[in-house]
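Work through the exercises below with the model open. Each task is followed by a solution in steps.

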Amino acid sequence: MSHSKHQTIGVIGLGIIGRGVSANLRRKGFQVFVWNRTPRPVPNFVGSPAELAELCDYIQIFVSDDEALLHTAHRLSENLAPRHIVIGHSTVAPDSMRAAAEIVEGRGARFLEAPFTGSKAAAEKGELVYYTGGNEEVLREARPILEATSKEIIEIGEVGQATVIKIVTNMVTAASVQAAAEALGLVQALGVPLKKFVQAMQANASYSTTLAMKMPKMIERDFEPHFSVKHMLKDMQIANQLGLSHYLDLGVTAAARDRLLEQMQWGRGDDDFSVVARKYLPETESPRYEESQLPEQEEQTSPEAIAPAPEATPVSPQMLSPLLVAAATVDSAGSGEVKEATPSRRGFLAQLLRRGRRLLKQPVSSKEG
């Protein structure tokens, strides 16, 4: 490995991962030059990707999306030559990764696909796991650089295939955190201590490294970004697009995407993606907050759930019956024609059922008959 340290390495993209990787490479004796779209006060910051290509034999790209990857590849191509190995680490659509490879190889340089798993802590410790796709000889030459910032390198196959693996593993990660968020919400709503749920999960077969990292943070409402909402949302959008193109209904992935999209709409795109827990864990100490606040109006779950009419018309059981049927259908099946029930809608349906049942128990007047 020692001879490789005399080669120069360029790192493009100084986000959470790019910063960690470049710092690790420097600590291990490599000469590193960097470029980022937004200038940073860091050592060896250069003026453009093309300038980076002039200085470096190996170039690692850590930009965030398809457009940025392809734009970077085009800008690099001005100065690429056969001596260069360009390593694409972005999580993008497989077609975009293949297109980037074509741009690089069209200039006579070589390309290696290497998306990774591992977030902020793994990057800082040099413990990423790379999934690689491309020519074996290219991987053999680039391996010392990848080993400097990883604990494992998993060879997948051709360019594009490693990206598929990265996308589908993130599908499982997003779904796991979404399920944990929902479970925590239900545990709290039913008055069971959250720490008991964590203890039970630790002895459960479905426990994972992801849950070990995320659940304590979710309970503490600590959403410092290790892998952001906007990046996980982008990956789930790619996954759903791939599913549609192959006639696959990825229902769980679509649900995880929608919850992430909600957080984006709330302005939390830069928070850790585990912030989806905010939907299920209200910012309060009491799990039965609403009932304690409204002892005489236990049915009112939100101000907009039922607005009192100035002069309400008496409601008969016959008038309520069609609504009760619809409400009971959604309440029992959880879906029906309504794909997604918001908290206020669920509260409305519950109130409707309770009030309707009370009215049905009362004798019907002759006017109502």
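The model is predicted.

**Exercise 1.** Describe the salt bridges of Lys230 with Asp270 and of Lys234 with Asp235.

Solution. 
- Step 1. The closest N and O atoms of Lys230 and Asp270 are 2.7 Å apart.
- Step 2. Lys230 lies in helix H10, while Asp270 lies in the loop between helix H11 (251–265) and helix H12 (289–293), so the bridge ties together parts that are 40 residues apart in sequence.
- Step 3. Lys230 is partly exposed, at 37% relative accessibility.
- Step 4. Lys234 and Asp235 meet at 2.9 Å, N to O.
- Step 5. Buried means under 20% relative accessible area. Lys234, at 14%, therefore counts as buried, and so does Asp235, at 1%.

**Exercise 2.** Which kinds of aromatic pair do Phe62 and Phe116, and Phe227 and Phe273, form?

Solution. 
- Step 1. There are 2 aromatic pairs.
- Step 2. Phe62 and Phe116 form a tilted pair, with 6.0 Å centre to centre and 55 degrees between the planes.
- Step 3. Phe62 is in the loop between strand E3 (58–61) and H3, and Phe116 is in strand E6 (residues 116–117), so the pair ties together parts 54 residues apart in sequence.
- Step 4. Phe62 is buried, at 11% relative accessible area, and Phe116 is buried, also at 11%.
- Step 5. Phe227 and Phe273 form an edge-to-face pair: 6.0 Å centre to centre, 75 degrees between the planes.
- Step 6. Phe227 is in the loop between helix H9 (209–220) and H10, and Phe273 in the loop between H11 and H12, 46 residues apart.
- Step 7. Phe273 is buried, with a relative accessible area of 3%.

**Exercise 3.** Where does Lys166 lie relative to the rings of Phe116 and Phe227?

Solution. 
- Step 1. The charged end of Lys166 sits over the ring of Phe116, 5.6 Å from its centre.
- Step 2. Lys166 also lies over the face of Phe227, 5.8 Å from the ring centre.

Definitions and conventions: Residues are numbered from 1 along each chain as its sequence is written. This is a predicted model: local features need pLDDT of at least 70, side-chain atom pairs count only at pLDDT 80 or more; totals for chains, interfaces and linings use all residues. Side-chain values use heavy atoms; hydrogens and water are left out. A salt bridge is a side-chain nitrogen of Lys or Arg within 4 Å of a carboxyl oxygen of Asp or Glu. Helices (H or I, at least four residues) and strands (E, at least two) are DSSP runs, numbered from the N terminus. Buried means under 20% relative accessible area, exposed over 50%, partly exposed in between (1.4 Å probe, protein chains only). Rings of Phe, Tyr and Trp (its six-membered ring) pair if their centres lie within 6.5 Å; planes under 30 degrees apart count as stacked, over 60 as edge-to-face and the rest as tilted. A charge sits over a ring if NZ of Lys or CZ of Arg is within 6 Å of the ring centre and within 35 degrees of the ring normal.
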